[in-house]
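Colleague: I would like to learn how to read a model of this kind, beginning with the backbone and ending with the ligand. Could you take me through it step by step?

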Amino acid sequence: MKDVKSKPPALVGVIGQPIGHSLSPAIHNYWMRRHGIKGYYIPIEIARENLAEAIKALPKMNFRGVNITLPHKESILHSCDSVSDEAALMGAVNTLTISESGRIHGDNTDGFGFLESLTEGRPGWQADAAPILVLGAGGAARGIIHALIAAGAEEIHVANRTREKADSMRSDFGVRVMGHGMDSITKLVAKMGTVINTTSLGMTGKPPVLFPYASLKENTVVLDLVYTPLETEFIQQSRARNCITIDGLGMLLHQAAFSFNHWFNVKPEVTQSLRHSIVGE
Ligand code: NAP
C-alpha cells in the first residue's frame with residue numbers, strides 16, 4: 001500500500017508567453033503554504049507552435065492543472081477533452097483541470113472572479129439596478145458580459161475602438177447588449193450605475209483611457225481590470241468624482257481562488273494579507 005508521505009508534490013502552474021511578469025505563482029504558492037498543500041505552482045513559457053504538444057505532456061507529468069494566459073486563451077480550446085459552458089460561450093479558457101485518468105477539462109473563471117470582486121468592493125451591488133457600461137470588446141470583456149448577463153443585468157452598453165467588435169457582442173450575447181464607438185459615450189455615462197474598463201489602456205507603458213470623467217455621477221461603481229499599476233488614471237479620476245472604485249487586483253485574486261478550488265477542492269480566502277504579500281500595499 002502506498003504511504004501518503006510518499007506521494008509526489010502537487011504540480012500546478014501557468015502557461016503563457018511571456019510569463020515572467022505573472023503574479024499567479026506568488027498567489028497560488030501563498031495559498032498552498034497556508035493550506036499545507038505540498039507542491040509547486042510554476043510559471044511555464046510556451047510558444048504558440050509548441051502549445052498542443054506541451055499540454056499533452058501535462059497529464060504524464062502528473063500536473064493537476066494549469067492556468068492559461070496570453071496569448072493562448074483561445075487556441076487552448078482545441079487541446080481540451082471537455083470545456084465548461086462559460087468557457088465555450090467566451091471562446092476562451094483560463095484554467096485547465098486534469099483528472100486522475102488524464103482528461104483535460106477547460107474552464108474560465110474570469111467572470112466569477114469579476115463578480116466576486118465587484119460585490120466585495122460594493123456589497124449589495126445588483127446587476128439590474130442601473131445600466132452598465134463596458135469599455136472594450138476583447139477576451140476579458142466577453143467574460144464580463146457573460147457574467148453580467150448571468151447575474152441579471154438588463155442593459156449593458158459596450159464601447160470599443162473597433163466598433164464592429166462592440167456590435168458583435170449583441171449578436172453573441174443578445175438584445176440586452178448595445179454596441180457603441182468609443183467616441184460616442186459622453187451622453188451615456190451620466191446614466192450608468194457601473195462602468196468597467198476592460199481595455200488594456202492604462203497599463204504601464206500604454207496611454208490612459210480617454211474618458212468623459214466630468215459626466216460621471218457620484219457613487220457610480222467604477223472597476224478597472226488593469227492591475228499594473230493598481231492606481232490607474234481611470235481609478236484616480238473616478239475616485240476624485242466620488243465614485244466607488246475597484247482596482248483589477250481583486251478580480252485577479254478571486255478568479256485565481258476559483259482555479260485553486262478546482263484543483264485542490266479548497267476555496268482559499270482573498271485577504272488583505274494576501275494583497276499585501278502580492279503588491280506590498
Ligand atoms: P484583448 O482581447 O487584447 O482586448 C484588448 C481591448 O483593449 C480591446 O477592446 C481593444 O480594442 C482595446 N484597446 C487596446 N489598445 C487600445 C487603444 N490604443 N485604444 C483603444 N482601445 C484599445 O485583451 P483582454 O484579454 O481582453 O485584456 C484586456 C485587459 O484586461 C488587459 O489589461 C488585461 O491585463 C486585463 N485583464 C485583467 C484581468 C484581471 O483579473 N484583473 C483578467 C483578464 C484581463 P480593439 O478591439 O479596437 O483592438
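**Backbone first, then the pocket**

Modeller: P229 is placed in the loop between β11 (221-224) and α8 (233-240), and since this is a predicted model, I would read that loop as part of a prediction.

Colleague: Is the peptide bond from T228 to P229 cis or trans?

Modeller: As a general idea, most peptide bonds are trans, and most residues other than glycine have a negative phi. Here the bond from T228 to P229 is cis, with omega near 5 degrees.

Colleague: Where is P18 found, and what is the form of the peptide bond that leads from Q17 to P18?

Modeller: P18 is in the loop between β1 (10-16) and α1 (24-34), and the peptide bond from Q17 to P18 is cis, with omega near 5 degrees.

Colleague: What is the phi of N62, and where is the place of N62?

Modeller: N62 is a residue other than glycine with a positive phi, near 65 degrees, and its place is the loop between α2 (51-60) and β3.

Colleague: What takes up space in the largest pocket?

Modeller: The space taken by the ligand is the largest pocket. The elements that give two or more residues to the shell around the ligand are α5 (139-150) and α9 (248-264), and the largest share, three residues, comes from α9.

Colleague: How many residues surround the ligand, and which are the closest?

Modeller: The ligand is surrounded by 21 residues, the closest being A140, N160, R161, T162 and K165; by class, this shell has nine nonpolar, nine polar and three charged residues.

Colleague: Which polar backbone atoms lie by oxygen atoms of the ligand?

Modeller: A backbone N or O atom of A140 is 2.8 Å from an oxygen atom of the ligand, while a polar backbone atom of S200 lies 3.4 Å from a ligand oxygen, and one of L252 lies 3.2 Å from a ligand oxygen. Taken alone, the ligand exposes 920 Å², of which the protein buries 79%.

Key
Residues are numbered from 1 along each chain as its sequence is written. This is a predicted model: local features need pLDDT of at least 70, side-chain atom pairs count only at pLDDT 80 or more; totals for chains, interfaces and linings use all residues. Side-chain values use heavy atoms; hydrogens and water are left out. A residue is near a molecule or strand if one of its heavy atoms lies within 4 Å of it. A polar contact is a pair of N or O atoms within 3.5 Å; within protein, one must be able to donate a hydrogen and the other to accept it, and residues adjacent in sequence count only if both atoms are side-chain atoms. Accessible areas come from the Shrake-Rupley method with a 1.4 Å probe; for residues, only the protein chains shown count as cover. On a 1 Å grid over the protein atoms alone, a cavity is a set of points where a 1.4 Å probe fits but cannot get out, and a pocket is an open set with protein on both sides within 12 Å along at least five of seven lines; lining residues have an atom within 4 Å of a point. A molecule sits in a cavity or pocket if more than half of its atoms lie within 2 Å of its grid points. Helices (H or I, at least four residues) and strands (E, at least two) are DSSP runs, numbered from the N terminus. Ala, Val, Leu, Ile, Met, Phe, Trp, Tyr, Cys and Pro count as nonpolar, Asp, Glu, Lys and Arg as charged, and the others, Gly among them, as polar.
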